[in-house]
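Please work through the exercises below with the sequence and the model side by side, trying each task before reading its solution.

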Amino acid sequence: EVASCFLEVGDRFLLLHRQDFKSEGNKWGVPAGKVEPGETTEQALLREIQEEIGLELSRERVEFFDTVYVRYPDYDFVYHMFRAPFDQEPEIALNPGEHKDFRWASTPEALVMNLVRDEAACIRLLYGE
């Protein structure tokens, strides 16, 4: 299981540029990570956001959107999507072991980027085209 979050400011959301050596390396995606044993999806999400971008969010700050089932050639997984709206861009402190850059992008901008597998489908599900 994976928990992800679309951090939103106006019509833009945060995308992270994955390090080359990571799975789906050198591609862009929203903050996300695996749910560890004993964690709820919300706990995993808040932990991953803290680890990846140094942002501490409360459970009340994030809103569940949907769960989708993803099939890759080698494995399948459950993907939980959340969103967190902000009035202004929060301060982002990238973990260099995970990501090499970040960008706030609109849906049209994001859909032409080199996204992790199936991220475009999730963006369309949440925001349309």
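**Exercise 1: A salt bridge and its surroundings**

D76 has a relative accessible area of 45% and therefore counts as partly exposed, where buried means under 20% relative accessible area, exposed over 50%, and partly exposed in between, with a 1.4 Å probe and protein chains only. The model is predicted, so local features need pLDDT of at least 70 and side-chain atom pairs count only at pLDDT 80 or more, whereas totals for chains, interfaces and linings use all residues. Residues are numbered from 1 along each chain as its sequence is written, and side-chain values use heavy atoms, with hydrogens and water left out.

Task: find which side chain meets that of D76 in a salt bridge.

Solution. Begin with the rule, by which a salt bridge is a side-chain nitrogen of Lys or Arg within 4 Å of a carboxyl oxygen of Asp or Glu. The partner is R71, at 2.8 Å from N to O, and R71 is exposed, with a relative accessible area of 67%. Elsewhere, salt bridges that share partners join E39, R47, E48 and E51 into one network. A search of the whole structure finds eleven salt bridges.

**Exercise 2: The partners of E24**

Task: describe the salt bridges that E24 forms with K27 and with R117.

Solution. First take K27, whose closest N and O atoms with E24 are 3.5 Å apart. E24 counts as buried at 17% relative accessibility, while K27 is partly exposed at 23%. Next take R117, whose side chain meets that of E24 at 3.1 Å, N to O. This pair links distant parts of the chain, since R117 is in the loop between helix 2 and helix 3 and E24 is in the loop between strand 2 and strand 3 (28-29), 93 residues apart. Helices (H or I, at least four residues) and strands (E, at least two) are DSSP runs, numbered from the N terminus. R117 is partly exposed, at 37% relative accessibility.

Finally, look at the ring beside R117, which lies over the face of Y72 at 3.7 Å from the ring centre. A charge sits over a ring if NZ of Lys or CZ of Arg is within 6 Å of the ring centre and within 35 degrees of the ring normal. In a further case, R61 lies over the face of F86, at 4.0 Å from the ring centre.

**Exercise 3: Aromatic pairs**

Task: count the aromatic pairs, and explain why the pair of F13 and Y127 ties together parts that are apart in sequence.

Solution. Rings of Phe, Tyr and Trp (its six-membered ring) pair if their centres lie within 6.5 Å, with planes under 30 degrees apart counting as stacked, over 60 as edge-to-face and the rest as tilted. By this rule there are eight aromatic pairs. F13 and Y127 are stacked, with 5.0 Å from centre to centre and 10° between the planes. Because F13 lies in strand 2 (residues 12-18) and Y127 in helix 3 (residues 119-127), the pair ties together parts that are 114 residues apart in sequence. F13 is buried at 1% relative accessibility, whereas Y127 is partly exposed at 27%. Ring pairs also link Y72, Y75, F77 and Y79 into a cluster.

**Exercise 4: The setting of H17**

Task: decide whether H17 is buried or exposed, and find which side chain makes a polar contact with that of H17.

Solution. H17 is found in strand 2 and counts as buried, at 14% relative accessibility. The side chain of H17 makes a polar contact with the side chain of N26 at 3.0 Å. A polar contact is a pair of N or O atoms within 3.5 Å; within protein, one must be able to donate a hydrogen and the other to accept it, and residues adjacent in sequence count only if both atoms are side-chain atoms.
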